[in-house]
Amino acid sequence: MTTSDTATDAQLSALETRFEDTIARSERIEPRDWMPEGYRKTLVRQIAQHAHSEIIGMQPEGNWITRAPSLRRKAILLAKVQDEAGHGLYLYSAAETLGVSRGELTEMLIEGRQKYSSIFNYPTLSYADVGTIGWLVDGAAICNQVPLCRTSYGPYGRAMIRVCKEESFHQRQGYELLMTMMQGTDEQRAMVQESVDRFWWPALMMFGPPDEDSPNTAQSMAWGIKRNTNDDLRQRFVDMSVPQAEALGVTFPDPDLKWNAERGHHDFGEPDWEEFMQVVKGNGPCNAQRIAHRRAAHEDGAWVREAALAFADRQREAARA
Amino acid sequence: MSGQDFTAEGGHGAVPLEGVPAAKAGHGSEREWPLYEVFVRGKRGLNHVHVGSLHAADDEMALRHARDVYTRRNEGVSVWVVQARHVAASSPDEKDPMFAPSGDKVYRHPTFYSIPDDVPHM
């Protein structure tokens with residue numbers, strides 16, 4: 001809104017008070033409400049990069065659609081990848097309520113100026129990875145996303161509610177896929193274990209660096225954009241995953257992973273944060289490939305977008321004539 | 001560690017919140033498809049409810065996209081789409097004037113009237 005351009009100091013502080021009171025009452029901020037510029041920018045960054053993650057996240061698994069082992073698995077995988085596209089679109093739509101355009105966001109993604117989750121810069125080397133991504137990667141995403149359903153910005157929270165409903169299918173199909181493989185041959189079991197070994201640490205990194213290295217977490221929590229700290233969510237994920245791994249019959253590649261009765265939680269080792277930073281900076285195994293693919297899809301589709309507009313223009317003119 | 005802020009709640013994993021632009025200076029050269037708001041009737045007997053928005057070149061495409069984006073799991077039996085620029089809206093942030101008239105008219109509510117408890121069917 002333009003209010004902040006012309007408002008006096010007194011008006012501005014009244015607006016701020018109103019904004020803070022709304023947050024304090026755990027009510028939602030809606031698009032046409034006045035909001036501090038820092039709040040708006042933080043949300044644009046977070047929602048846009050969340051949307052980019054969903055869109056880029058189609059690639060690692062999309063890679064396997066044409067090589068699915070059965071029609072059943074192919075139909076499931078197609079539905080799942082289509083859901084990721086849908087999640088991206090819900091989120092872009094939420095970001096647009098903050099005054100950015102879809103075209104801008106897409107450009108910032110393919111120019112590498114905005115990021116997406118590092119997890120999608122790891123390759124999918126076997127079909128077991130489809131299962132592991134569903135179980136661990138989508139499982140971690142659920143830990144992240146469930147608290148966001150209560151985030152302070154209305155359109156973001158509503159988008160997350162839709163996403164979370166669908167995410168549960170993703171996790172269950174992945175776990176069932178792995179269970180099926182574990183009931184197969186020794187080679188198939190080894191394939192599952194190898195896949196879990198590769199994805200465990202990157203999955204833990206999905207929660208971000210330790211809390212003492214996240215300087216702005218406090219501000220995001222005060223604004224109700226963030227609901228739990230990185231370390232809290234990581235702990236919750238580890239505690240959830242251990243019994244699931246036991247039921248499946250696989251182990252996690254962490255010698256320090258053990259139950260701590262005193263804390264009532266599992267202790268576990270430290271992820272390699274240097275690797276995390278390298279992947280964020282663009283030096284992961286698949287960064288260049290993911291962006292190049294997204295750019296090609298966008299640029300190859302330009303004539304379709306233009307043609308559809310030209311067709312719509314002509315239809316309108318014909319209707320007027 | 002960089003001391004850079006990462007939020008884990010960026011969906012599928014931590015994303016940086018610093019050093020990331022929140023908008024471009026100037027828009028891209030491409031003309032965008034118009035923005036449509038989408039309303040879905042969940043089942044017979046319910047109102048259409050706003051569910052989100054999407055971009056489409058024309059009304060027909062907007063309806064098709066709305067089906068694919070917002071009703072993949074039987075969420076609806078009917079969809080409306082309308083170009084966002086055609087929606088006229090009150091501003092929820094403007095204090096009072098729009099909704100104030102209902103605030104002091106308590107006699108519009110049934111609880112305003114006291115009636116003895118033993119009067120039936122009231």
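Visitor: What pLDDT does chain B average?
Guide: This is a predicted model. Chain B averages a pLDDT of 84. Of its residues, 81% score at least 70.

Visitor: What about the rest? Can't read those bits in detail, I guess.
Guide: Where pLDDT is low, the predicted coordinates should not be read in detail.

Visitor: And what ipTM and pTM does the model score?
Guide: ipTM is 0.87 and pTM is 0.90.

Visitor: On to the interface. How many residues does the contact take from chain A and from chain B?
Guide: Chain A gives 79 residues and chain B gives 49 residues.

Visitor: How much area do chain A and chain B bury between them?
Guide: About 5300 Å². Carbon and sulfur atoms hold 53% of it.

Visitor: Which residues in chain A lose the most area to chain B?
Guide: A:R18, A:R32 and A:L309. Together they make up 12% of what that side buries.

Visitor: Which residues line the largest cavity?
Guide: Both chains contribute. Among the lining residues are A:Y122, A:M205, A:M206 and A:F276, along with B:H12, B:G13 and B:A14. By class, the lining has seven nonpolar, four polar and no charged residues.

Visitor: Last one, A:H266. Where does A:H266 lie?
Guide: In strand β2 of chain A, residues 265-267.

Visitor: Is A:H266 buried or exposed?
Guide: Buried, because its relative accessibility is 10% and the cut-off is under 20%.

Visitor: What does A:H266 touch?
Guide: Leaving out residues up to four places away in sequence, its contacts include A:Q235, A:D239, A:L257 and A:W259.

Definitions and conventions. Residues are numbered from 1 along each chain as its sequence is written. Chains are lettered from A and ligands numbered from 1 in the order in which they are written. This is a predicted model: local features need pLDDT of at least 70, side-chain atom pairs count only at pLDDT 80 or more; totals for chains, interfaces and linings use all residues. Side-chain values use heavy atoms; hydrogens and water are left out. pLDDT is the predictor's confidence in each residue, from 0 to 100. On a 1 Å grid over the protein atoms alone, a cavity is a set of points where a 1.4 Å probe fits but cannot get out, and a pocket is an open set with protein on both sides within 12 Å along at least five of seven lines; lining residues have an atom within 4 Å of a point. Ala, Val, Leu, Ile, Met, Phe, Trp, Tyr, Cys and Pro count as nonpolar, Asp, Glu, Lys and Arg as charged, and the others, Gly among them, as polar. Helices (H or I, at least four residues) and strands (E, at least two) are DSSP runs, numbered from the N terminus. Buried means under 20% relative accessible area, exposed over 50%, partly exposed in between (1.4 Å probe, protein chains only). Contact means heavy atoms within 4.5 Å. Buried area is the accessible area (1.4 Å probe) that two parts lose on being put together, summed over both.
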